[in-house]
Amino acid sequence: MIRSLFPATLTLGALLVSVPAWSQSCDRACLEGRVDTYLDAVIDNDPAAVSMTRDVRFTENGVRLEIGDGLWRSMKSKGGYRLFVTDVPAQQVTLLTTIAEDDRTPQGSVPALMALRLKLDGGSVSEIEQMVVRDAAAAERVEAMGRPHPMYLESIPEGRRMSRRDMLETANKYFTGMQQNDGQGDYPFSADCNRIENGNQSTNAPTPAGQTRPDPATATGYSGQWTCLEQFESGLLYFVTRIRDRRFVALDEERGLVFSFVFFDHAAGETRTFRTPDGRTVTAGPAQPWTWGIAEIFRVEDQQIRQIEAILHRVPYGMNAGWSSYEDGLSDRLLDHTGI
């Protein structure tokens, strides 16, 4: 029961009407400030500090919880890394960030990664979705990055800005091109495209000393030393059998940013063996059914993908995020959840 999570003298109704009234619409600074208000409230486990609608909906790692549960009980502090995608028309804001959680260690806390989405309705928070990646090493890598790539903060001149639909369709080509990758799809990568996953450079990585850069023509697995385009043209990502529940939840037209929550399924078994575009037979990919739960940000510009940043963790195979219907959760269609 929600009542058990709050002081005995405070009912849910009183909680939701006792907070100060907010304006009906937020600009960029307002939305991003609302994130800090929310995170501070989570640290203090003080839901009364956040203006929420009476029917506010909250999920953590795909599970619907009561406000005050989950991370509200364990978060100790905010980290230094912050990458926003702020969608003013949709009154929705997302964040990739680092946090610290309670831990039974001499240090008293352990780092983690977090993807957060807040949706406002009439100035109050109506939806809260968060994904917590409890991988301390990954969180330390991301924190060590310091700041997001400057490109994520650069404005695109008005005359070159893409429409919302074009932004969505360009980003979605990444998922379509990776699913059952055959090396022959439409791969709209710029020459300087780069991808970061859990703080690791997963494209254009330097070749370690004493090693030779893998050749896409002879390799049996894709390499993080290759470019975005080389990886896709190799056809060696074929073992990604389904990329589904492709929910695009925030767009920033000014900065060319698209934020998505998505699942990557690897069915294993016979799907691990396939033919590459040059006719070689290869076996690759996880040996057991495997799903990645992923929060992914794209910088799209001039109809191309220039930067990609993601956090991800292993989740139960075939799971749903709790925001789509069963059918949409299994679909590989583009799902526009911005409401615009």
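## A walk around the sheet and its salt bridges

Visitor: Which residue in strand 6 is the bridge partner of Met52?
Guide: Welcome! Bear in mind that this model is predicted. Strand 1 covers residues 52–60 and runs parallel to strand 6, residues 124–133, with five bridges joining the two. In strand 6, Met52 has as its bridge partner Val125.

Visitor: Which strands are the edge strands of the sheet?
Guide: Six strands make up an open sheet with mixed pairing, in the order 2-1-6-5-4-3. An edge strand pairs on one side only, and here that holds for strand 2 (63–64) and strand 3 (75–87).

Visitor: At about what angle does helix 4 run to strand 5?
Guide: Helix 4, residues 136–145, lies across strand 3, strand 4 (92–102) and strand 5 (109–121). Its angle to strand 5 is about 70 degrees.

Visitor: Which residue meets Asp36 in a salt bridge?
Guide: Asp36 sits in helix 2 (residues 28–44), and its partner is in strand 3, 42 residues apart. The N to O distance is 3.1 Å. The partner is partly exposed, with a relative accessible area of 33%; this residue is Lys78.

Visitor: Are Arg299 and Glu301 buried or exposed?
Guide: These two form a salt bridge, with their closest N and O atoms 3.0 Å apart. They also belong to a network of salt bridges with Arg160, Asp192, Asp302 and Arg306. Since buried means under 20% relative accessible area, the label for both Arg299 and Glu301 is buried.

Visitor: Over which residues is the pLDDT below 50?
Guide: The chain has a mean pLDDT of 92. Where pLDDT is low, the predicted coordinates should not be read in detail. The stretch below 50 is residues 1–23.

Note on methods
Residues numbered from 1 in each chain as written. Predicted model: local features only at pLDDT ≥ 70, side-chain atom pairs only at ≥ 80, totals over all residues. Heavy atoms only, no water. Pairing = 2+ DSSP bridges. Helix = DSSP H or I, 4+ residues; strand = E, 2+ residues; numbered from the N terminus. Contact = heavy atoms within 4.5 Å. Axes fitted to C-alpha atoms, helices over the stretch in contact; angles between N-to-C directions. pLDDT = per-residue confidence, 0-100. Salt bridge = Lys/Arg side-chain N within 4 Å of Asp/Glu carboxyl O. Buried < 20%, exposed > 50% of the residue type's maximum accessible area, 1.4 Å probe, protein only.
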